[in-house]
Amino acid sequence: MKRLMQRLAGGMALLALTVSAASAETFTLWVRSDGSNFMPRIVEAFNKSHEDKAELQIVPVAELVQKYATAAAGGQAPDALSLDLIYTPSFAAAGQLEDITDWAKSLPYFDKLSPAHVKTGTYNGRIYGLPYSADSSVLIWNKKLFRQAGLDPEKGPTTWAEIEAAAEKVAALGGDIKGFYFSGACGGCNIFTFTPLIWASGGDILTEDGGKATLDTPQMRDAIAFYRDMVKKGLVPEGARTDTGSNFFAAFARGNIGLAPSGAFAIGALNTQFPDIDYGVTFLPGKTGGWSSFAGGDNFVVTRGTTKLKAIKAFLDFSYSLEGQTLLARYGSLPVRGDISDQALKDLDPRYKIAAEAMAKGRT
């Protein structure tokens, strides 16, 4: 009898393992290369702690939108995607995304999720994307080069004139050192880092309803003149003219650029990949003061018709947990859950708090 019970117990255990393995799902997940610092880490943590698994593919930032559109049209799209939030309505309108309204609104912390992300994730009153990673645009400066140029390394510029003056002094160091950098042929990079200069100066680029461009303004003309002046003075590397975004972060990371508009992601990337660079973070200022930021990042979207919703929901639940939000924050993304953001940032680099403040008041 005892032997029979042991055999039955063993059989039940084997059956349980078989059922568990059968119910586990593996879903495919894409992320643009901007998320290459944090996404592999959160996928690794999820895969270690869950029966369901995520299979990650990192796609170059300039290729992801077209690659996903082509894959979706051909029935080869990933199950889920971390997508630049501004593209969510377009893919929803094309019928390529799963309507996740009911699931989203069932989350107990739904009203604590980043409003800018939820707004862009909503199309025709239905939700197709939920906040995943968050990024604000900020100004970073190289403290070592500031010291060498006789500038206060602990004080970031607060006006355009201060930016240009600091860039001139850094560029005067000579060699391959330049004062300022921006990716001249990257539309996405510049909408992210250039528009805050206009907003902070009292201007705008669209009417309130988004239906009309308001580009012909004094603030826009002044901002363009500000950039052009630095280019004419030789404060910006010649290669910036044709940079489509590949050097958006890399140029500063090499250590020979004085100042550059960037994103909060740069904090995690610099800390983990370039720990020898001593840098500061401040807000993107208006012409004579004030500041603004672009509220950017990614929405988490699900490809229409996927059969892996159980695993996808488990992954998003993990990402929204305190552990997940802290992991994302540690490696380059700002928290997207407002109710636990302070906890997620508590033990991290204090420069994140500047980026988080910028995100909270940012515009999209």
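Predicted model: local features only at pLDDT ≥ 70, side-chain atom pairs only at ≥ 80, totals over all residues.
Reader: How is the packing of two helices described?

Author: Two packed helices are described by the angle between their axes and the distance between the axes. Take helix H2, residues 39-49, and helix H15, residues 322-330: their axes come within 9 Å and cross at roughly 155°.

Reader: What does the angle say about the directions of H2 and H15?

Author: Angles over 145 degrees count as roughly antiparallel. H2 and H15 are therefore roughly antiparallel to each other. Their crossing is right-handed.

Reader: Which residues make the contact?

Author: From H2 come Arg 41, Ile 42 and Ala 45, and from H15 come Gly 324, Leu 327 and Leu 328. Sorted by class, the contact of H2 with H15 has four nonpolar residues, one polar and one charged.

Reader: Which residues of H2 are buried?

Author: Buried means under 20% relative accessible area. In H2 the buried residues are Met 39, Ile 42, Val 43, Ala 45 and Phe 46. Viewed down the axis of H2, these residues fall within an arc of 160°, so they line one face of the helix.

Reader: Where is Ser 33 placed, and what does it touch?

Author: Ser 33 lies in the loop between E1 and H2. Leaving aside residues up to four places away in sequence, Ser 33 touches Ile 58, Val 59, Pro 60 and Val 61.

Reader: Why does Ser 33 count as partly exposed?

Author: The class between buried, under 20%, and exposed, over 50%, is partly exposed. Ser 33 has 27% relative accessibility, so it counts as partly exposed. Between Ser 33 and Pro 78 there are 16 Å in space, C-alpha to C-alpha, and the two are 45 residues apart in sequence.

Reader: At what angle do the axes of H13 and H17 cross?

Author: The axes of helix H13 (residues 265-273) and helix H17 (residues 351-360) cross at roughly 160° and come within 9 Å. H13 and H17 are therefore roughly antiparallel to each other. The crossing of H13 and H17 is left-handed.

Reader: Which residues of H13 and H17 are in contact?

Author: H13 supplies Ile 267, Gly 268 and Asn 271, while H17 supplies Arg 351, Tyr 352 and Ala 355. By class, the contact of H13 with H17 has three nonpolar, two polar and one charged residues.

Conventions
Residues numbered from 1 in each chain as written. Heavy atoms only, no water. Axes fitted to C-alpha atoms, helices over the stretch in contact; angles between N-to-C directions. Helix = DSSP H or I, 4+ residues; strand = E, 2+ residues; numbered from the N terminus. Parallel < 35°, antiparallel > 145°, perpendicular 65-115°, else oblique. Left-handed = near helix turned anticlockwise from the far one by under 90°. Contact = heavy atoms within 4.5 Å. Nonpolar A, V, L, I, M, F, W, Y, C, P; charged D, E, K, R; others polar. Buried < 20%, exposed > 50% of the residue type's maximum accessible area, 1.4 Å probe, protein only. Arc of directions from axis to C-beta.
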